[in-house]
Amino acid sequence: WEGAFPEDWKAMKPTTPWGELPILETPGIMIGHEIAILNWVGRKAGAKMAGKDEREWAISQQLLFESEDIYAKLSKFQPTAKMKDKATPQELEALWA
């Protein structure tokens, strides 16, 4: 595995499944989006990554997707270099209420 930002991202971007990173390139397929990559890795790893039963697998899927929901909510409020105050104090308080 090589974890590196592509040197010529501008040229590579249109060749990716969704025009964004991360991607995982395997023989015969390029997988885009972190959840699809995680599920592919879990499938390739087999039973040892699936949990001991359907209940454990379902719990792992719930946690995975809930973490995506939390990240999406938090990213709306995270300050960036271009936008220092993305949320008012009232919006932040409502987020955590």
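A residue counts as buried when its relative accessible area is under 20%, and as exposed when that area is over 50%. Keep those two cut-offs in mind as we walk through this predicted model.

**Stop 1: the aromatic pair**

Select Trp-9 to begin. With a relative accessible area of 17%, Trp-9 falls under the 20% limit and is therefore buried. The structure holds one aromatic pair, and you are looking at it: Phe-5 and Trp-9 sit 6.1 Å apart, centre to centre, with 55° between their planes, a tilted arrangement.

**Stop 2**

Pro-22 belongs to the loop between helix H1 (9-12) and strand S1 (23-26). Is Pro-22 buried, exposed or partly exposed? Its relative accessibility is 33%, so Pro-22 counts as partly exposed.

Next, show the backbone from Leu-21 to Pro-22. The peptide bond here is cis, with omega near 5°. Then display Ile-31, Gly-32, His-33, Glu-34 and Ile-37: these are the residues in contact with Pro-22 once its neighbours within four places in sequence are left aside.

**Stop 3: His-33**

One of those contacts deserves a click of its own. His-33 lies in the loop between S2 and H2. Look at its backbone: phi is near 95°, a positive value in a residue other than glycine. His-33 has a relative accessible area of 30%, so it is partly exposed.

**Stop 4: the second largest pocket**

Which elements give two or more residues to the lining of the second largest pocket? Select helix H2 (34-45), H3 and helix H4 (54-75) to see them. H2 gives the most, with five residues. The pocket's volume is about 230 Å³. Among the lining residues you can pick out Leu-38, Arg-43, Met-49, Trp-57 and Leu-64. By class, the lining has six nonpolar, five polar and one charged residues.

**Stop 5: colour by confidence**

Finally, colour the chain by pLDDT. The mean for the protein chain is 84, and 95% of its residues reach 70 or more.

How values were computed: Residues are numbered from 1 along each chain as its sequence is written. This is a predicted model: local features need pLDDT of at least 70, side-chain atom pairs count only at pLDDT 80 or more; totals for chains, interfaces and linings use all residues. Side-chain values use heavy atoms; hydrogens and water are left out. Helices (H or I, at least four residues) and strands (E, at least two) are DSSP runs, numbered from the N terminus. Buried means under 20% relative accessible area, exposed over 50%, partly exposed in between (1.4 Å probe, protein chains only). Contact means heavy atoms within 4.5 Å. Rings of Phe, Tyr and Trp (its six-membered ring) pair if their centres lie within 6.5 Å; planes under 30 degrees apart count as stacked, over 60 as edge-to-face and the rest as tilted. pLDDT is the predictor's confidence in each residue, from 0 to 100. On a 1 Å grid over the protein atoms alone, a cavity is a set of points where a 1.4 Å probe fits but cannot get out, and a pocket is an open set with protein on both sides within 12 Å along at least five of seven lines; lining residues have an atom within 4 Å of a point. Grid points are joined across faces, edges and corners, and a volume is the space filled by probe spheres set on the points. Ala, Val, Leu, Ile, Met, Phe, Trp, Tyr, Cys and Pro count as nonpolar, Asp, Glu, Lys and Arg as charged, and the others, Gly among them, as polar.
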